[in-house]
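Work through the exercises below with the structure in view. Try each task before reading its solution.

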Amino acid sequence: MNCYVSLQFLLGLAQLCPCHTDMTNSKMHEMKQPLQSHLRAKRTWVWNRFFVQEELTVTEQPVGRLRSNLDKGDASLIYLLSGDGAGSIFIIDNRTGDITAIKKLDREEKAYYKLRAQVLNVNTGKPVEPESEFVIKVLDINDNKPQFLDGPYETCIPEMSPEGTSVIQVTATDNDDPSHGNNARLIYTLLQGRPYFTVEPTTGILRISSQMDREAKDQYLVVVQATDMLGLPGGLSGTTTVTINLSDVNDNRPIFQLGLYHMNVSESAPIGTSIGIIMAEDSDIGENAKMNYSIEDGSNIFDIITNNETQEGIVVLKKKLDYEKQRQYSVRAKVTNRFIDEYFPKDENSGQSTIIKIRVEDADEPPVFSHLEYLMEIAEETPFGSYVGSVFARDPDITNSPIRYSIVGCSLFSIDDNGTIIITERLDREMAAWYNLSVTATEENNSQQVSETQVYVQILNVNDHAPEFFQYYETYVCEKANSGELIQTISAVDRDASVEDHRFSFNLSTEATSNLSFTVRDNQDNTAGILTSRSGFSRQEQPVFYLPILISDNEIPSLTSTNTLTIHACECDENGGSQACTYGALTFSLGFSTEYLIAILACILIVLVFIFMILGLKQGQKQDLFSEKCEEFRENIVSYDDEGGGEEDTEAFDIAALRTRTVMRTKKTRKNITTEIRSLYRQSLQVGPDSAVFKEFILAKLEEANTDPCAPPFDSLQTYAFEGTGSLAGSLSSLESSISDPDHNFDYLTELGPRFKKLASMYCSRVHTKN
């Protein structure tokens with residue numbers, strides 16, 4: 001039966017490799033049960049395993065045998081193999097079922113192969129057994145050494161770290177089978193790095209075994225080895241390197257390069273002057289090397305500023321020096337770490353001190369005033385030459401040069417060589433209450449040494465101004481005003497200063513006691529009211545009233561002034577508004593005073609006069625310009641007493657200027673030429689000079705030129721095609737020279753004088769040449 005055959009075939013496979021079969025007795029019992037029950041017609045093969053060792057160098061390595069229980073040895077059956085590596089790595093003997101590996105195997109490339117086996121009948125070609133799967137597992141050997149896949153390593157730890165501090169963990173990998181013996185079991189050891197480092201054998205953790213100082217050495221190279229087979233002989237090993245950098249900690253304090261520094265400074269050096277530099281060294285780096293400098297004894301004359309870039313201490317002057325008082329200073333300077341490391345003792349960060357000797361150099365100094373500024377007082381209206389105050393300055397140097405004083409930019413005061421200040425004119429507090437004087441002191445031995453101070457002079461008040469109206473009042477009263485009616489409220493002002501508030505009193509002057517029209521009521525608040533003392537006023541009878549008012553102040557002695565209030569009588573409407581007043585009242589109702597209106601009218605009059613003057617000057621310039629131009633034009637049209645020299649005479653005048661079109665004629669437009677003259681001009685071109693038409697045209701042109709005083713003359717100077725008549729010298733033109741008598745005698749030209757000398761030389765020589 002097929003089931004039985006399958007079982008026999010499986011048992012045959014188990015007999016080939018009895019020591020490596022995975023089949024147990026219970027599984028064999030399960031496979032026999034279907035044979036007894038005959039419940040199934042066929043049973044597939046169960047899994048089976050074969051083992052083959054990797055890296056064998058033999059040409060063919062037996063793996064195992066497949067055998068069916070139906071195989072009678074008569075060669076009626078053949079065995080076929082398929083699956084992973086069938087035919088290329090594994091081959092099978094078709095007759096015997098022996099499986100052989102024909103290539104060297106590597107477990108790290110492939111650990112097992114799945115194959116399928118089948119038995120066929122040679123005659124029918126049909127399978128006699130169901131196809132069964134089995135596995136060929138490659139057995140591992142120790143052929144791979146450990147590898148550090150993440151190496152080489154680099155890390156950083158703080159210097160002076162305690163022993164046992166974990167640095168880094170290194171990990172190696174072995175590609176061998178970890179389940180097969182000790183091929184992949186590793187042990188870590190240290191080849192380089194003792195005595196500062198150790199490594200844990202099983203974990204690969206690198207630890208510190210001794211403290212290290214970065215200032216001595218800042219980098220270490222450690223070599224770690226990993227060995228398989230637990231380090232036993234025959235095991236393979238691999239190595240890696242670990243670069244360990246030490247980071248800086250603030251474990252060093254700064255130290256001065258010198259225990260004593262010497263510096264010099266001039267007594268004239270201003271505050272903030274750099275005197276010198278001190279320098280300390282710190283073996284640390286970065287932030288840990290930054291330091292602070294300070295004055296240890298708390299001196300208020302010198303200070304030290306830290307340069308954050310160079311870490312130098314700059315000694316600067318904090319207070320002015322005086323060579324005559326002290327010539328040398330001894331200062332103790334201290335340097336400390338800016339950042340304190342809490343893991344180190346306080347003594348390590350206490351810093352270090354040094355001594356700075358500073359010598360003051362003498363310099364020629366300017367005079368020094370006894371005070372930075374002076375405050376003086378003087379009453380106004382004091383006679384000139386009165387004493388104001390005095391200043392004092394001295395030469396601080398040993399030479400003690402005499403001092404000369406002067407006041408800059410103020411002529412109201414003067415100062416002598418003793419520093420005494422007096423006034424040169426009377427002073428008025430109302431003009432200026434304070435004076436700011438600049439007083440200079442100059443050494444007589446060295447005029448370059450000059451000092452300056454400020455003297456503030458206050459002018460004390462004297463009651464020399466009487467009170468007066470606060471403003472100009474111009475009041476009106478209605479004709480129908482009733483008695484006791486308030487028509488104006490006045491107030492006063494005093495230009496003098498008062499210790500207390502000003503108090504003014506208002507009264508009518510004695511000359512106005514007989515006035516029965518108005519009264520003054522003092523309001524006791526520096527104001528007063530003007531009231532009517534009768535009813536009814538008439539503009540025709542008295543249009544203006546002048547009311548003198550006495551105003552007194554409360555100073556000692558008291559001053560009084562008389563101020564006149566002008567009151568206009570006006571016709572008012574029902575609401576009390578003025579409708580018709582005198583000129584003064586009208587101006588007041590418009591909001592303008594009489595003086596203001598007069599000033600406006602005067603300004604308007606001045607402006608008008610100025611405008612008329614400008615217009616007159618411009619008109620005169622225009623007339624002069626035209627007359628000059630007309631004169632210039634007329635000078636070009638002259639009547640000569642002698643004839644010109646002909647074509648070659650270039651000294652008479654330039655006729656091209658008369659023919660140019662650029663002569664200025666825009667100032668005055670010429671009279672238009674009439675149609676009649678135009679017609680005469682056209683007719684004259686067709687007739688000779690004896691024609692009446694031509695003569696009429698010439699006369700018309702002359703009349704036009706004579707009636708236009710500013711017309712240029714070139715219109716009357718034409719070039720005609722025929723000669724004129726009437727000249728005693730005859731024709732001088734060359735127009736008819738070609739037809740003239742060649743034998744004509746020109747000797748008479750020499751008798752006409754020097755003006756015809758050029759013409760005589762030309763024509764006489766030509767005639768003689770022809771002869």
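A salt bridge is a side-chain nitrogen of Lys or Arg within 4 Å of a carboxyl oxygen of Asp or Glu. Keep in mind that this is a predicted model.

**Exercise 1. Salt bridges**

Task: State how many salt bridges a search of the whole structure finds. Then examine the pairs E361 with R359, E430 with R429, and R539 with E571.

Solution. 
Step 1. The whole-structure search gives eleven salt bridges.

Step 2. Take E361 and R359. Their closest N and O atoms are 3.8 Å apart, and the cut-off is 4 Å. E361 has a relative accessible area of 31%, so it is partly exposed. R359 is partly exposed too, at 42%.

Step 3. Turn to E430 and R429. Their side chains meet at 3.2 Å, N to O. Buried means under 20% relative accessible area. E430 has 19%, so it counts as buried. R429 has 16% and is therefore buried as well.

Step 4. Now R539 and E571. The N to O distance in this salt bridge is 3.4 Å. The pair links distant parts of the chain, 32 residues apart. R539 sits in the loop between β37 and β38, while E571 belongs to strand β39 (residues 560–572). R539 is partly exposed at 22%, and E571 is partly exposed at 34%.

**Exercise 2. Aromatic pairs**

Task: Describe the geometry of the aromatic pair F197 and Y220, and say which parts of the chain it ties together.

Solution. 
Step 1. Rings pair if their centres lie within 6.5 Å. By this rule there are 13 aromatic pairs.

Step 2. F197 lies in strand β11 (residues 197–199) and Y220 in strand β13 (residues 219–227), so the pair ties together parts 23 residues apart in sequence.

Step 3. Check burial. F197 has 1% relative accessibility and counts as buried. Y220, at 10%, is buried too.

Step 4. Compare F369 and Y374. This pair is also edge-to-face, at 6.5 Å centre to centre and 75 degrees between the planes. Both F369 and Y374 are buried.

Step 5. Return to F197 and Y220. Together with Y196 they form one aromatic cluster.

**Exercise 3. A four-strand sheet**

Task: What is the order of the open sheet of four strands, and which strands are at its edges?

Solution. 
Step 1. The order is β32-β34-β37-β36, with antiparallel pairing.

Step 2. The edge strands are β32 (468–469) and β36 (518–522), each pairing on one side only.

Step 3. Go inside the sheet. β34 (residues 486–493) pairs with β37 (residues 527–532) in the antiparallel sense, over five bridges. L486 stands opposite L531 in β37.

**Exercise 4. The surroundings of S552**

Task: Is S552 buried or exposed, and which residue's side chain makes a polar contact with its side chain?

Solution. 
Step 1. Locate S552 in strand β38 (residues 544–552).

Step 2. Its relative accessibility is 16%, so S552 counts as buried.

Step 3. The side chain of S552 makes a polar contact with that of T560, at 2.7 Å.

Step 4. Widen the view beyond neighbours within four places in sequence. S552 is then in contact with P467, R503, F504, S505, S558, L559 and T560.

Note on methods. Residues numbered from 1 in each chain as written. Predicted model: local features only at pLDDT ≥ 70, side-chain atom pairs only at ≥ 80, totals over all residues. Heavy atoms only, no water. Helix = DSSP H or I, 4+ residues; strand = E, 2+ residues; numbered from the N terminus. Buried < 20%, exposed > 50% of the residue type's maximum accessible area, 1.4 Å probe, protein only. Polar contact = N/O pair within 3.5 Å; in protein donor to acceptor, adjacent residues only side chain to side chain. Contact = heavy atoms within 4.5 Å. Phe/Tyr/Trp six-rings, centres within 6.5 Å; stacked < 30°, edge-to-face > 60°. Pairing = 2+ DSSP bridges.
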